[in-house]
Amino acid sequence: APPKNYNSIPAFHAKLQSARRILAVCGAGLSAASGLPTFRGPGGLWRNHQATDLATPEAFEDDPGLVWLFYAYRRHMALNVKPNPGHHALAALAEKVPGFLCLSQNVDGLHPRAGHPPEQLRLLHGSLFDIKCNACGWIQKDNYDDPFCPALAAAAEDVNPGETLPLLDPSKELADIPRQEIPPCPQCDRGLQRPGVVWFGEPLDEDMLNEVDSWIDEGEVDIVLVIGTSSQVYPAAGYAEQARGRETSVVTINLDAEDEVRRLRSNDFAFAGDAAVLLPKLLE
Ligand code: BJW
Ligand code: ZN
């Protein structure tokens, strides 16, 4: 049977009152209410390409122009939406609880734009607004150019209401973007500029992972919030169990949270719904 009160907001508030160390693990569902599509839901298909197939070093080797169109479009979308009340509630929790650390898989820039203090935020999968070289260690932070380069202008075009964005409509031909039109690395003579995100099979930043491990080991984590993620991608998906101590409450906040109910342990909670609606109520 599920734990008693597993979806009671007052019972969660009682736990939150005395919590000193809180970890959050966020995913694309947190930004859904801002208008950004998730990976594995509807909207995870981009011009007949599965978003997760484009998020690989092999896809970039094969057709950097196509992968860049996808990311230039994502940058444009992210720049044209706003952080939602869920991002703001997490930023406010960080201001209130010094022992709160937020791990986000999201690359959309919405946590920083909500004012989340950087010391209490780790972007596990990088950022759409970092640019790096695919061959050497060159990296540029805070590049908001939209379009990223002239060849990608189509990815920054807006449409009239009712029309489909050409980039989203597979029946509309997209020009091939030749490799030579992707900006080369300014530091080495071999590489191309690429988005500063972490693709499948690529290592996450080692220093960041070490910091997260030490933070978890510093003491019992009272609450782990698992927000808007399908928890299919590692290492992110492993942190809830890694941080679980004797009294820890793992709290799932997800549209599909009811599916978790039979897996809950005695102190756990699960709240089904939109993270942008639930987080302000849970964290108030
Ligand atoms: C809502 C909602 C609303 C909707 N409100 N909720 C252990 C076991 C098996 C495999 C591995 C393992 N360890 C590593 C691996 C391999 C691999 C992996 O995990 N594979 C699995 C798929 C099996 N991991 C890696 O390759 C990682 N690297 C690595 O481990 O390196 C090791 C290494 C060491 C040394 C040398 C070499 C390697 C890297 C993973 C990188 C993932 N990258 C991406 C792309 C980032 C860039 C980009 O954005 O394009 O990250 S893939 C994609 O998935 C993206 C996301 O951050 C990530 C997670 O997705 P997320 O956020 O969970 O989204 P969805 O769509 O899946 O879920 C949304 C959820 O929200 C759903 O549940 C909805 O219900 C919910 N929702 N609306 C609340 N309004
Ligand atoms: Zn380089």
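**Close-up views of a predicted model**

**View 1. Cys188 is partly exposed.** Cys188 has 13 other C-beta atoms within 10 Å and is therefore partly exposed. A residue counts as exposed at 12 or fewer such atoms and as buried at 20 or more, so a count of 13 falls in between. The model shown here and in the views below is predicted. Cys188 lies in the loop between E7 and E8. Leaving out residues up to four places away in sequence, Cys188 touches Cys133, Ala135, Cys136 and Trp138.

**View 2. Cys185 sits in the loop between strand E7 (139–140) and strand E8 (193–197).** Cys185 has 19 C-beta neighbours inside 10 Å and so counts as partly exposed. Among the residues that Cys185 touches are Cys133, Ala135, Cys136 and Trp138. The contacts of Cys185 also include Gly191, Leu192 and Gln193.

**View 3. Four cysteines carry the UniProt annotation "binding site".** The annotation comes from an unreviewed entry and covers Cys133, Cys136, Cys185 and Cys188. Why can these residues be said to gather at one spot? They span 56 residues in sequence, yet no two of their C-alpha atoms are more than 8.6 Å apart, so they come together at one spot.

**View 4. E7, E6 and E8 form an open sheet of three strands.** The strand order is E7-E6-E8, with antiparallel pairing. E7 and E8 are the edge strands, each pairing on one side only. E6 is joined to E7 by two bridges and to E8 by four bridges. Six of the eight residues of E6 are buried, which leaves the strand mostly covered.

**View 5. E6 and E7 form a hairpin.** Five residues lie between the two strands, which run antiparallel. Lys132 has Ile139 in E7 as its bridge partner, and Ile131 stands opposite Gln140 in E7. Which residue of E8 is the bridge partner of Ile131? The partner is Pro195.

**View 6. His125 is listed by UniProt under "active site".** The listing comes from an unreviewed entry. His125 is found in the loop between strand E5 (121–123) and strand E6 (126–133). Is His125 buried or exposed? With 20 other C-beta atoms within 10 Å, His125 is buried, because the cut-off for a buried residue is 20 or more. Apart from neighbours within four places in sequence, the contacts of His125 are Gln105, Val107, Val197 and Val198.

**View 7. Ligand 1 is surrounded by 34 residues.** The closest of them are Gly27, Gly29, Gln105, Ser230 and Tyr234. One of these, Gln105, is also in contact with His125. By residue type, the shell around ligand 1 divides into 17 nonpolar, 13 polar and four charged residues. Which domains contribute at least three residues to the shell? Domain 1 (1–36 + 83–125 + 204–284) and domain 2 (38–80 + 126–197) each do so.

Methods
Residues are numbered from 1 along each chain as its sequence is written. Chains are lettered from A and ligands numbered from 1 in the order in which they are written. This is a predicted model: local features need pLDDT of at least 70, side-chain atom pairs count only at pLDDT 80 or more; totals for chains, interfaces and linings use all residues. UniProt positions are given in the numbering used here, feature names are shortened, and annotations may be inferred rather than shown by experiment. Two residues are in contact if their C-beta atoms, placed from the backbone, lie within 7 Å. A residue is near a molecule or strand if its C-beta atom, placed from the backbone, lies within 6 Å of it. Ala, Val, Leu, Ile, Met, Phe, Trp, Tyr, Cys and Pro count as nonpolar, Asp, Glu, Lys and Arg as charged, and the others, Gly among them, as polar. Domain bounds come from an automatic or database domain assignment. Two strands pair if DSSP finds at least two bridges between them.
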